[in-house]
Amino acid sequence: MSSLQVLQLQATPSSCAAHVSSKRHHFEALEACSSMALLKQHHSRLIKLGLSTDNDSMGRLIKFCAISENGDFDYALHLFDTLPHPDAFIYNTIIRGYLQRQQPAHCILFYLQMLQHSVVPNKFTFPCLIRACCLGNAVEEGAQIHAHIFKFGFATDVFCLNNLIHMFVNFQALENARRIFDKMPSRDVVSWTTLMSGYAQLGLVDEAFEIFELMPKKNSVSWNAIIAAYVQSNRFHEAFALFNRMRDEKVPLDKYVAASMLSACTGLGALEQGKWIHGYIQNSGIELDTKLATTIIDMYCKCGCLDKAYETFKGLSCKGISSWNCMIGGFAVHGKGKAAIELLKEMEKEAVAPDNITFLNILSACAHSGLVEEGRHYFRYMTEVYGIEHRMEHYGCMVDLLGRAGLLDEAKRLIDRMPMSPDVGVLGALFGACRIHRNIELGEQVGKRVIELEPENSGRYVLLANLYADAGRWDDVANVRRMMNERGVKKVPGFSVIELKGVVSEFIAGGTSHPETKDIYAKVDEMLGCIRSVGYVPQTEGGVNDLIEEEGENPSYYHSEKLAIALGLLKTRPGETFRIKKNLRVCRDCHQASKLISKVFNREIIVRDRNRFHHFKDGECSCKDYW
């Protein structure tokens, strides 16, 4: 029989069908492959079948090796090298494998190799290359990939163009992103959302909102993007307005929108809204992952509802380290130092290793509670037991702890022994302690240094002016005021926020914008009259009325906190607790007045200021006047 006859016999329909059937069988077996050992067996069979150079067959092997969790990328490269003419699918698979391994430069080099071998890329080639450019911040290469997308005929492919918009957003080149968007023949919701998110990420929230309003179709992703933009810009009222509009339009609330709105509740101290969102999560079956659970705990902690935060924490079946840290931090800002330490011990019993944030919160808890010995212990403990090096923040907490306790010399020695130069946070902690304990000499020295490190922070100037006022050095007070004017530094205006029955009201000192202003001021006068009868005497911050940090030029008896308390008394039932959030530190006068109001009116008033929580009850404060 001649060789031609043999070939003809081998090519009969029955033999071809058997070959195709065997090939299909191996493809099906490959789909169920779960290990490299099995894959190598399939590779051997393909060699026996004469398919070792077949792109369709070998491409499936390479895909498992390059992409699968159980694959072996080096083996994928070995298989690639055995192929005489790999196709675009195989090149794309290797590029994707490099991308999964965070090797963006190799992605681009492999693409160049693809072009050198005259393999024409397809629409699946470019999204991975674009992500590689983003990962490697390869701006020049990204521009070349942009050109290739048009060169190879994908100028109308929405998927490729969406990825290009994402790349230019990543490069903060919004003009390029907008140009691509404007020239797209058709856009989907991803196109709109990607561009909108780009504006939001650069803080251009109003421009992002304009794009959002123009969107022909909005989904939960686009709603979350715009709500998150307002939350991240601390524009919480507008975030709430959008959230309410979203609910009116019957858009389902997913875990991402829930997390953003919980952050908005945290920012405003809007506990009732936060409780509603938590209840919705529980009743709608939204997955309560570690991140969302931590956001809920953080919301309760920062809205002054520590019991509910702890109840949520205890109810978690699986607690990640972020949940532990959040709860410990919650105890810290509420002045529950011993509870924070007990939770650390429980964490260790559960075999959850603390990290640097855990100890930062523990040291903060000690600082807020005046636990000096415990603070010293855990400052050593974190390095001696866990090998966690002290960071700048840990030194700042220790300086704050020692300074508040009046141990200014020890705090200064600790700063001098730091292995790095102290930043403004560390020096600021010592500066604040000098004001508390009226150490004029050291305070002046540190204060001037802090101002030069942070010349735009009005609070630093105010603190120095108050320090001088305590010493009666009025010429120096005037010099600080002059320095602020020359540098154009403006005081941060103080405000207080209170949420009652889901309505959030914001006050500034002496403000008259609230619709019930007349009743509120009448209630303030009534409050002050009542507490004067039990010993209240108005206090000022060193007599520097136009430079006091807490509120501004208004008389202390019309500070924003007192206005918020008055509304709370007007709108809540006798004996009911209400909560207030301030953007600045509680001043001495408001602190004393709040204690007496809690006693005279038999209320618990919870105030969250810039640094911590104050629980006023029965004429006392949870901070024990240690703030």
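Hi everyone. Let me start with a definition: rings of Phe, Tyr and Trp (its six-membered ring) pair if their centres lie within 6.5 Å, and planes under 30 degrees apart count as stacked, over 60 as edge-to-face and the rest as tilted. By that rule, the structure has 23 aromatic pairs.

Before the details, a word on the source. This is a predicted model, with local features needing pLDDT of at least 70, side-chain atom pairs counted only at pLDDT 80 or more, and totals for chains, interfaces and linings using all residues. Residues are numbered from 1 along each chain as its sequence is written, and side-chain values use heavy atoms, with hydrogens and water left out.

Back to the rings. Y310 and F331 make a tilted pair, 5.8 Å centre to centre with 55° between the planes. Y310 sits in helix α19 (residues 306-314) and F331 in helix α20 (residues 321-333), so this pair ties together parts 21 residues apart in sequence. Helices here are DSSP runs (H or I, at least four residues), numbered from the N terminus. F331 is buried, at 10% relative accessibility, while Y310 is partly exposed at 29%. For those words, buried means under 20% relative accessible area, exposed over 50%, and partly exposed in between (1.4 Å probe, protein chains only). Elsewhere, F73, F80, Y91, Y98 and F110 form one aromatic cluster.

On to charges. The structure holds 28 salt bridges, each being a side-chain nitrogen of Lys or Arg within 4 Å of a carboxyl oxygen of Asp or Glu.

One of them joins R178 and D182, with the closest N and O atoms 3.1 Å apart. Both belong to helix α11 (residues 174-183), four residues apart, about one turn of the helix.

Another links D470 to R438, at 3.7 Å between the closest N and O atoms. D470 is in helix α28 (residues 458-470) and R438 in the loop between α26 (424-436) and α27 (440-453), so that bridge connects parts 32 residues apart in sequence.

D476 and R473 also form a salt bridge, with 2.8 Å between the closest N and O atoms. Shared partners join E444, K448, R473 and D476 into one network.

Last stop, helix α31 (residues 560-571). Its 12 residues reach 17 Å from first C-alpha to last, close to the expected 16 Å, which is 1.5 Å times one less than the number of residues. Of those 12 residues, 10 are buried, so α31 is largely enclosed by the rest of the structure.

Thanks, everyone!

Definitions and conventions
Helix = DSSP H or I, 4+ residues; strand = E, 2+ residues; numbered from the N terminus.
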